Amino acid sequence: MRDELKAIEQDALANVETVKDIKELQAIKVSYLGKKGSLTGVLRGMGKLSPEERPVIGEIANQVREAITKAIDEKSVVLENAALEEKLKSEAIDVTLPGRPVKAGGPHLLTKVIEEIEDLFIGMGYEVREGPEVETDYFNFEALNLPKDHPARDMQDSFYITNELLLRTHTSPVQARTMRNYKGEKAVKMICPGKVYRRDTDDATHSHQFTQIEGLYVDKDVKMSDLKGVLDVFAKKMFGEDRSIRLRPSFFPFTEPSVEMDISCKVCDGEGCSVCKGTGWIEILGAGMVHPNVLELAGYDPKVYSGFAFGMGPERIAMLKYGINDIRQFYLNDSRFLKQFHQA
Ligand SMILES: [Zn+2]
């Protein structure tokens, strides 16, 4: 029986030594130490031994069991480590491979143009103000000398939320709000960029939503010549030092007198071409001296204070500057159009 046990030990150790994976090792464990295993089988026969032999064989059997268990445990650690090693190797990431390029976006062309205009006026001492896009009838119209029955309201038909609330049709209410905040005591020098809305049918030159930048300068002794000087600087910085401007009489309810500003056509240099429709001039913006009623409604004494205001559409500026022929391009979010201007 002693030899039988020794033979089982040698056999088991040899098997454990050559085993290649953890499942096989498990099978070996069962085949020697399991309920029906060979070692267990031998131990069952111990009942037949004499009382003297029993403890001696019992001790040997325990040693054999321990030796086999130890060998299996050690081999199990070795095999588990090898399996982990293999897994790490197969799942390794090659950090030396070049990465997939991330497509970088850029600001929308309109955002760029608005920021360029803002920078220009900030440089001349203007502050940038914002206001609500859902505006009251009072600030959108009445405070700007457009009472409820004024015919000029027709040009600015808009989206009404209630009789007294609407999507603003211009950024002018921000001017009215700012003047009111200054309580008729302080000079106002501001621009207000933002989105505005009108009930226009979309086509190449109209959009129901567009952007505006308006400017306002109210102080003691502001003259029309100051307006002309500011607009001249703006035109030259925006469209080139060789551009000249002209002011044509116009009408706006909130300014008196009112003007339209044109710049000389860059394409034909004033000779007349298809871009300027043969006139040599291109219309850029509207402006004028703030109407005394508007000053008075905002709490400024028109006998002491005067001012000028101007308003332009960044879409139009961008279309002229970059040769864009359809205003809808700004809002279609076609990346083929938009990414042309990422470097602009
Ligand atoms: Zn021209």
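Reader: Which residues are the protein donors of the zinc ion?

Author: In this predicted model, the zinc ion has Cys-265, Cys-268, Cys-273 and Cys-276 as its protein donors, each through SG, at 2.2 to 2.3 Å.

Reader: How are the donor residues spaced in sequence?

Author: They follow the pattern C-x2-C-x4-C-x2-C.

Reader: And why is the arrangement of the four donor atoms called tetrahedral?

Author: Because the angles they subtend around the zinc ion run from 105 to 117°, and the criterion asks for all angles between 85 and 135 degrees.

Reader: Cys-268, buried or exposed?

Author: Buried. Its relative accessible area is 13%, and the cut-off for buried is under 20%.

Reader: What about Cys-273, buried or exposed?

Author: Cys-273 also counts as buried, at 18% relative accessibility.

Reader: How many residues line it, and which lie nearest its centre?

Author: The lining has 45 residues; Arg-198, Phe-210, Gln-212, Glu-283 and Gly-313 are the ones nearest the centre.

Reader: Which one gives the largest share?

Author: E8, with seven residues of the lining.

Reader: How do the lining residues divide into nonpolar, polar and charged?

Author: The largest pocket's lining has 22 nonpolar residues, 16 polar and seven charged.

Terms used
Residues are numbered from 1 along each chain as its sequence is written. This is a predicted model: local features need pLDDT of at least 70, side-chain atom pairs count only at pLDDT 80 or more; totals for chains, interfaces and linings use all residues. Side-chain values use heavy atoms; hydrogens and water are left out. Donors are N, O and S atoms within 2.8 Å of the metal (3.2 Å for Na, K and Ca); water is not among the atoms, so sites may look incomplete. Four donors count as tetrahedral if all angles lie between 85 and 135 degrees; four count as square planar and six as octahedral if opposite donors are over 155 degrees apart and all others between 65 and 115; anything else is irregular. Buried means under 20% relative accessible area, exposed over 50%, partly exposed in between (1.4 Å probe, protein chains only). On a 1 Å grid over the protein atoms alone, a cavity is a set of points where a 1.4 Å probe fits but cannot get out, and a pocket is an open set with protein on both sides within 12 Å along at least five of seven lines; lining residues have an atom within 4 Å of a point. Helices (H or I, at least four residues) and strands (E, at least two) are DSSP runs, numbered from the N terminus. Ala, Val, Leu, Ile, Met, Phe, Trp, Tyr, Cys and Pro count as nonpolar, Asp, Glu, Lys and Arg as charged, and the others, Gly among them, as polar.
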